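Visitor: I've got a model open and would like a quick tour. Can you walk me through a few spots?

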Amino acid sequence: MVTVKLNNNVEMPILGFGVYQIDDQKECERSVLDALEVGYRLIDTASAYRNETSVGNAIKTSGVKREEMFITTKLWIKDAGYENTLKAFDKSLKKLQLDYLDLYLIHQPFNDVYGSWRAMEKLYKDGKIRVVGVSNFHMDRLTDLMVYNEIPPAVNQIEIHPFHQRYQDVEYMAAQGIQPEAWAPFAEGRNNLFENKLLVALAEKYYKTVAQIVLRSLIQRSIVVIPKSSKRARIAENFDVFDFEIDEQDMELLKQLDKQESAFFSHRDPEIVKWMSGFERD
């Protein structure tokens with residue numbers, strides 16, 4: 001597996017498996033087992049996904065050595081604050097049936113982010129977390145957190161896909177030593193991604209699928225990607241992206257698809273902030 005080196009020298013797989021919206025517990029466990037059998041070693045979940053237990057069961061029964069895996073989960077908004085974060089971390093660790101976590105992320109940039117970050121710094125120093133990071137932080141919030149705390153985030157997991165390519169944000173994070181990680185790399189199929197004429201043409205040119213073109217384009221930008229599927233054939237297909245390279249001209253063509261806006265919602269929208277405050281994690 002190709003890896004990226006984070007700002008604390010920990011190696012992180014550049015391709016992982018996400019479990020967002022795999023709500024059925026048995027299906028989630030089977031999908032994670034399939035992913036591990038195919039060769040994935042980065043598994044990404046969150047307390048808000050309500051499937052940490054299933055992920056933990058799959059990890060335990062997979063037969064894959066713990067040190068070969070890179071397990072991520074996330075802290076939900078309602079668990080923000082120093083003491084709450086410590087409790088939430090312990091709860092997630094028990095559900096995952098692990099002794100330590102590879103990557104712990106603040107899931108959303110709301111509530112007592114700084115209290116949470118101090119707790120995560122403690123967990124990191126205590127050896128309970130190998131890497132600390134954030135998710136859905138715009139560059140101003142990311143910089144604020146980085147400047148006023150002892151340990152800078154190593155990862156920022158954000159929305160990146162062909163319709164929201166975020167070249168400027170990715171460049172800024174790289175300059176700060178913060179690894180970009182793309183959620184929803186297929187934009188959840190929005191804008192008819194899988195029928196897009198340019199993506200289809202490139203898929204035909206490289207004898208690959210549209211999904212493989214999308215994932216490969218992000219990997220070539222040194223962005224960690226975590227595609228999700230509950231179908232073993234698709235899980236395997238998404239993993240088969242290391243035997244070809246998209247040339248520079250075609251990478252430039254892909255920039256034409258960039259709408260430079262979210263395909264979902266803005267984390268700066270007050271109504272979204274209010275809506276998220278009412279969402280309960282597991």
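This is a predicted model: local features need pLDDT of at least 70, side-chain atom pairs count only at pLDDT 80 or more; totals for chains, interfaces and linings use all residues.

Visitor: About how many degrees is the phi of Ser-222?

Guide: Look just past the end of H8 for this residue. The phi of Ser-222 is positive there, at about 65 degrees.

Visitor: And H8 itself, how many of its residues are buried?

Guide: H8 covers residues 210–220 and is mostly covered. Among the buried ones are Val-210, Gln-212, Arg-216 and Ile-219. Out of 11 residues in H8, the buried count is 10.

Visitor: Which helices and strands do the buried residues of H8 pack against?

Guide: Two of the partners are strands, S9 (179–183) and S10 (224–225). The others are helices: H7 (197–206), H9 (232–239) and H10 (248–254).

Visitor: Which element gives the most to the lining of the largest pocket?

Guide: That pocket has a volume of about 1000 Å³. Of its 42 lining residues, those closest to the centre are Tyr-20, Gln-21, Ala-184, Glu-188 and Lys-228. Two elements give two or more residues to the lining, H9 and helix H11 (270–277). The top contributor, with three residues, is H9.

Notes
Residues are numbered from 1 along each chain as its sequence is written. Side-chain values use heavy atoms; hydrogens and water are left out. Buried means under 20% relative accessible area, exposed over 50%, partly exposed in between (1.4 Å probe, protein chains only). Helices (H or I, at least four residues) and strands (E, at least two) are DSSP runs, numbered from the N terminus. Contact means heavy atoms within 4.5 Å. On a 1 Å grid over the protein atoms alone, a cavity is a set of points where a 1.4 Å probe fits but cannot get out, and a pocket is an open set with protein on both sides within 12 Å along at least five of seven lines; lining residues have an atom within 4 Å of a point. Grid points are joined across faces, edges and corners, and a volume is the space filled by probe spheres set on the points.
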